[in-house]
Amino acid sequence: MAKVAFIGLGNMGGPMATNLVKAGHTVTVFDLSESACEQLRASGANVAASAAEAATGADYVISMLPAGKHVAATYLGEGGLLARLDANTTVLDCSTIDAATARQVGEAAAALGIGFMDSPVSGGVAAAAAGTLAFMCGGSAQTFEKARQILADMGKNIFHAGPAGAGQVAKGCNNMLLAIHMIGTCEALEMGVRNGLDPKVLSDIMLASSGRNWSLEVYNPYPGVMEKAPASNGYKPGFMVDLMVKDLGLALEIARQCDFDNPMGQLAQELYSQHQQAGNGQMDFSGILQKLQG
Ligand code: NAD
């Protein structure tokens, strides 16, 4: 069993750290929020007074933070963790951040001989609690092998996408596609309904045809078609519009950096931003149906 430092105990990090405790690791946590730390203490973790204290002597440092600036501030510079870690430590940043910051932290870690992987996740709070997250990892093959077991204690599917930053690129590609096919699914269903079709019947037809996709399979956006989907529960998240807008912003930045014009991704971002600005940021992203309905 390993000594793990876990930094960032929010909606995702809290249950992920809890699963590491359950797997038998010695987990020391830090979050700016005292109540988040206390919750983890109750689950059996040690609580440190700072990220640096949590990371002292750790085999693995895992972070789950809101954005690139938090990750850069945690790891880089004179006061950052990288300067304090010894070379045996493996750093896994599971936050969803811009690929450029992930590469920057990866390069700084490599210069010090520290193994680093950006390891963003797919799957929301429920998957974090159930330990069924998918990890998309960017780092060396050696670091990936070293990290595989600890990631398996928090997730089900663990992919090596390529070098540092590749995990964030994979996540950006996936979530851009998710936004696009969710909007397309809503459009198809609404067009069918306006022509008198039952959304459940139309969904079954498309599920057995070439329009089949994840939104239809497990997350139908039309109310009443799928009992457990957010659409049938007032679009209570689920996966919030705010997070989708954040992820689309990161995807568009990846496209800009490689000089790639991605019209569908750009349109998806416009539609989701408008939906957010109309006051739906905290609603589930499948509620984009309501925007299309006018
Ligand atoms: P959250 O806002 O619930 O949690 C973030 C936590 O980080 C908070 O507890 C905050 O106090 C803490 N924090 C911020 N700065 C800190 C610092 N310098 N040191 C220590 N702690 C600090 O966010 P979340 O929903 O847990 O998401 C975390 C990351 O996971 C984000 O990058 C998000 O995009 C990604 N993600 C979220 C979901 C989801 O469904 N919530 C799904 C996939 C990926």
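## A starting point: what "partly exposed" means

A residue counts as buried when its relative accessible area is under 20%, as exposed when it is over 50%, and as partly exposed in between. Please keep in mind that the model you are looking at is predicted.

Let us step back to the whole chain. The domain assignment gives domain 1 (3-164) and domain 2 (169-293). Taken over C-alpha atoms, the centres of domain 1 and domain 2 are separated by 29 Å. In the contact, domain 1 takes part with 13 residues and domain 2 with ten residues.

How much area is buried between domain 1 and domain 2? The value is about 820 Å², and carbon and sulfur atoms give 61% of it. On the side of domain 1, T96, D98 and M136 supply 46% of the area buried against domain 2, more than any other three residues. Between domain 1 and domain 2 the count of salt bridges is zero.

## Strand 5 and its neighbours

Strand 4 (residues 60-63) runs parallel to strand 5, and four bridges join them; V61 has V91 as its bridge partner in strand 5. To get from strand 4 to strand 5, the chain passes through helix 4 (residues 68-75) in a right-handed β-α-β crossover.

Strand 6 (residues 115-118) also runs parallel to strand 5, again with four bridges joining the two. Here the bridge partner of D93 is D118, in strand 6. Strand 5, helix 5 (residues 99-111) and strand 6 form a right-handed β-α-β unit.

## An enclosed helix and an exposed glycine

Which helix is largely enclosed by the rest of the structure? That is helix 1 (residues 13-22), because nine of its ten residues are buried. Among the buried residues of helix 1 are G13, P15, M16 and L20. Just after helix 1 comes G24, which takes a positive phi of about 100°.

Is G79 buried or exposed? G79 lies in the loop between helix 4 and strand 5, and its relative accessibility is 57%, so G79 counts as exposed. The C-alpha atoms of G79 and V105 are 14 Å apart, while along the chain these residues are 26 residues apart.

## Salt bridges

Side chains of opposite charge can pair when their charged atoms come close. Five salt bridges are found in the whole structure. One of them joins the side chains of R148 and E145 (3.0 Å, N to O); both residues lie in helix 7 (residues 141-152), three residues apart, about one turn of the helix. R148 is partly exposed at 37% relative accessibility, and E145 is partly exposed at 48%.

The side chains of D204 and K200 meet in a salt bridge too (3.0 Å, N to O). Because D204 and K200 are four residues apart in helix 9 (residues 199-207), about one helical turn separates them. D204 is partly exposed at 38%, and K200 is partly exposed at 37%. Finally, R212, the residue we began with, forms a salt bridge with E217, with the closest N and O atoms 3.1 Å apart. E217 is partly exposed, with a relative accessible area of 37%.

Terms used:
Residues are numbered from 1 along each chain as its sequence is written. This is a predicted model: local features need pLDDT of at least 70, side-chain atom pairs count only at pLDDT 80 or more; totals for chains, interfaces and linings use all residues. Side-chain values use heavy atoms; hydrogens and water are left out. Two strands pair if DSSP finds at least two bridges between them. A crossover is right-handed if, with the strands pointing away from the viewer, the path from the first strand over the helix to the second runs clockwise. Domain bounds come from an automatic or database domain assignment. Contact means heavy atoms within 4.5 Å. Buried area is the accessible area (1.4 Å probe) that two parts lose on being put together, summed over both. A salt bridge is a side-chain nitrogen of Lys or Arg within 4 Å of a carboxyl oxygen of Asp or Glu. Buried means under 20% relative accessible area, exposed over 50%, partly exposed in between (1.4 Å probe, protein chains only).
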